[in-house]
Amino acid sequence: MVRLKNIEELKKIRQEAQKDLLVRTQTGTRIIVGMGTCGIAAGAREVMHAILKELETRKIEAHVETVGCVGMCAKEPLVDIEQAGKSRVRYANILPENVPKLIEEHLVKGNVVHEWAIGRVDARKIQ
Amino acid sequence: MRELSHHILDVLENAVEAGASTIKIHIEEDLRADWMVIEIVDNGRGMNPGVIERVFDPFYTTRETRHVGLGLPLLRDAARRCEGDLDIQSEPGKGTRLKVTFRRSHIDRAPLGDMPATLLAVLLSERPVDLEYSHKVGTEEFRFDSSEIRKELEDIPLTHPRVRGWILQTLREREASLSNESRESQ
């Protein structure tokens with residue numbers, strides 16, 4: 001089972017997290033990574049990992065979620081970024097080495113990276 | 001797929017799509033008998049016999065977003081290349097049990113790879129799911145149960161940035177110590 005030291009750390013995290021949870025769920029950023037067979041084979045898990053690492057390095061708190069195949073298998077790995085008050089942008093064929101630039105431009109500077117963006121997404125439909 | 005943990009992620013995603021709320025994953029590496037066994041049991045909606053017959057057909061899939069389903073045929077081929085096989089049993093309304101075996105030292109057996117990243121990818125799924133994971137190498141065993149963590153966290157979700165970092169770090173530490181201990185005991 002999980003070691004005691006880790007459980008103590010977890011309790012501390014819970015106490016700290018309770019304070020800021022409400023704020024983040026209301027104004028948060030969501031990053032969604034496609035994790036179907038097509039995505040996994042194209043490196044989606046590694047892209048997810050690169051995103052988590054980049055967010056941690058830059059101290060950006062964003063929700064990261066995985067979803068199944070959306071039917072655009074040739075465009076995998078797919079990464080959608082959704083920010084409160086803005087439409088969701090879908091990026092295609094993202095590799096782990098693209099992640100720092102994606103985070104820097106989209107999340108830090110607020111620019112859509114047009115060379116990788118393939119559209120704006122309304123629920124599961126491309127507009 | 002370059003690692004067995006990629007195949008495992010694929011099977012786990014199938015279970016999530018099937019509506020499972022709990023998925024059990026057991027990996028056993030028997031160093032003496034030279035076998036590696038991976039078992040994945042979910043409590044999703046299951047499949048009727050007609051569907052099971054067709055899961056190895058690459059042109060069959062239950063999804064509507066595309067028309068091919070390559071996951072299970074790829075995994076069965078990987079196992080058969082290594083003197084192993086894949087067995088799948090399922091009952092509608094109860095769930096699905098998948099067992100895949102490999103000759104552990106077979107030259108074509110892919111490395112297990114990054115299991116912590118695979119488990120985290122599923123825990124970050126948009127549909128909440130709990131994982132009961134155990135990995136045994138020789139006589140050493142490591143267990144991880146996400147429902148225990150959920151209980152400890154009360155109203156904080158597993159997907160919280162601080163929590164997901166903690167999960168990944170904990171899994172990495174335990175997987176690393178497992179491989180060190182098993183190497184020393186060989």
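At 1.5 Å a residue, the 14 residues of α1(B) should span 20 Å, and the C-alpha atoms at its ends are 20 Å apart, which agrees. The expected span is 1.5 Å times one less than the number of residues in the helix. Helices (H or I, at least four residues) and strands (E, at least two) are DSSP runs numbered from the N terminus. This is a predicted model, in which local features need pLDDT of at least 70 and side-chain atom pairs count only at pLDDT 80 or more, while totals for chains, interfaces and linings use all residues. Residues are numbered from 1 along each chain as its sequence is written, and chains are lettered from A and ligands numbered from 1 in the order in which they are written.

Of the 14 residues of α1(B), 13 are buried, so this helix is largely enclosed by the rest of the structure. Buried means 20 or more other C-beta atoms within 10 Å of the residue's own, exposed means 12 or fewer, and partly exposed lies in between, with C-beta atoms placed from the backbone. Just after α1(B), B:Gly19 takes a positive phi of about 80°.

Chain A has four helices and six strands, in the order α-β-α-α-β-β-β-α-β-β along the sequence. Of its 127 residues, 34% count as buried.

Between the chains, 33 residues of chain B are in contact with 34 residues of chain A; contact requires C-beta atoms, placed from the backbone, within 7 Å. On the side of chain B that touches chain A, the largest share, seven residues, comes from α6(B).

One helix pair crosses this boundary: α3 (residues 44-57) of chain A packs against α4 (residues 115-123) of chain B at an angle of about 85°, with the axes 10 Å apart. That makes α3(A) roughly perpendicular to α4(B). Axes are lines fitted to C-alpha atoms, for helices over the stretch in contact, and angles run from 0 to 180 degrees between N-to-C directions. Angles under 35 degrees count as roughly parallel, over 145 as roughly antiparallel, 65 to 115 as roughly perpendicular and the rest as oblique. A:Arg45, A:Met48 and A:His49 meet B:Ala117, B:Thr118 and B:Ala121 here.

Most residues other than glycine have a negative phi, and most peptide bonds are trans. A:Glu76 and A:Pro77 are joined by a cis peptide bond, with omega about -10°. A:Asn93, not a glycine, has a positive phi of about 50°.

Note on methods: Contact = placed C-beta atoms within 7 Å.
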